[in-house]
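Please open the model in your viewer and keep the selection panel at hand. The stops below say what to select next and what is to be found there.

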Amino acid sequence: MEAASSSGALPLPLPLLVHDLGTRSDDSQTQFSICNQALSTAAIELLRDFRCFETPQGWVLTLNPASLQTFLWRPQDSKKIDLPTAKQNFPRSCKCLLSGNPISSSSDCAVLVLDLDTPAMLVCKIGGSEWDSFSYELSMVSKNNKTLEVHMAKLQGIDAVAGKVYYTFSGDALGVIEFSPESCGELFLVVVFFLGHNLHRIAEVAVYKMDFSGPSLWCKVDGIGDSVFLLGGDFIGASNFGASCSASDHGLSGNCIYFVNNIAAEENFVHVIDLEKGTEEVLRPFRHKGYPLPLRPPFWLLTTHD
């Protein structure tokens, strides 16, 4: 089923998987709703001239490459939060996340743009006057006493929980960047195992939950309850996006993971893994788009957590 719109409103229910937004000169983008598996060809007028970066918190960070104007955009109601003008264009490949809720009066929320190619990041506070740039040096000593550089954005998992940004420093240690004194929430790690060297076939999906009750420890769990995890990958072979939403609030089945596989060449499929049933379904909503390398992979729009 496909609908057409040019009003800029979202014609389909969230969460949506969006193809080509901000990458073509025409006005149309394809949006796919996982709730009813419907397609829509529509233009989001507000974002037409902007680079768009999804965040796990549901807000979309936008940047106008010409004016360097930036703002946060909330998909469900088009609410905007103006941010400072950037000093330069954002990195070609980057991951974006928020340290907290940007509209909470008790939160000192920061917006992070992490460079996937170099150990650097851009940071601004909600209500702040400018974007600050930081470079960092992280290293660890291997078993053979070699010093290894740690790139927390590209090679290691990273996410934000209640004012703190966590990254996987090693197999059994977490690093933390703290922006506010709020307490910790839940932190999950999803690992997708492919079948040998075949990046088109998923052999297993494992889910781990961080135990904060003592020394930080990843504990494998059997399911995620009334939740849906939304995962996205990029063309360099590292997953750079993960978010969650309530299944019951969106008419979806819980305990499921939706994984957009852009790690494999010539694939933009959506793999739906049911953790309870142990099944996998493959959706191909963008088959008519082909495989648009080197355009950006499809990205998620979802309801924010207020």
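Begin by selecting strand β11 (residues 120–125) together with β12, which run antiparallel and are joined by four bridges. Strands here are DSSP runs of E with at least two residues, numbered from the N terminus, and two strands pair if DSSP finds at least two bridges between them. Within this pair, L122 stands opposite S133 in β12.

Before moving on, note that this is a predicted model, in which local features need pLDDT of at least 70 and side-chain atom pairs count only at pLDDT 80 or more, while totals for chains, interfaces and linings use all residues. Residues are numbered from 1 along each chain as its sequence is written, and side-chain values use heavy atoms, with hydrogens and water left out.

Now widen the selection to the open sheet of four strands, whose order is β9-β10-β11-β12 and whose pairing is antiparallel. Its edge strands are β9 and β12 (132–135), each of which pairs on one side only. From one strand to the next the twist averages 20°, where axes are lines fitted to C-alpha atoms and angles run from 0 to 180 degrees between N-to-C directions.

## Around S93 and C94

Select S93 next, in the loop between β8 (79–83) and β9 (94–98). S93 is buried, with a relative accessible area of 15%; buried means under 20% relative accessible area, exposed over 50%, and partly exposed in between, with a 1.4 Å probe and protein chains only. The side chains of S93 and R92 are joined by a polar contact of 3.5 Å, a term for a pair of N or O atoms within 3.5 Å, of which, within protein, one must be able to donate a hydrogen and the other to accept it, with residues adjacent in sequence counting only if both atoms are side-chain atoms. Leaving aside residues up to four places away in sequence, S93 touches L114, D115, L116 and D117, contact meaning heavy atoms within 4.5 Å.

C94 is also buried, at 12% relative accessibility. A search of the whole structure finds zero disulfides, that is, pairs of cysteine sulfur atoms within 2.5 Å.

## T62 in its strand

Go to T62, in strand β6 (residues 60–63), which counts as buried at 0% relative accessibility. T62 touches L47, F50, R51, C52, Q69, T70 and F71, not counting residues up to four places away in sequence.

## The largest nonpolar core

Finally, select Y258 and W300, which touch the most other members of the largest nonpolar core, a set of 20 residues. Such a core consists of buried Ala, Val, Leu, Ile, Met, Phe, Trp, Tyr and Cys residues joined through side-chain atoms within 4.5 Å. Two or more residues come from each of β21 (227–233), β22 (239–246), β23 (256–260) and β24. Among the residues that Y258 touches, beyond those up to four places away in sequence, are I34, F229, L252, V270 and W300.
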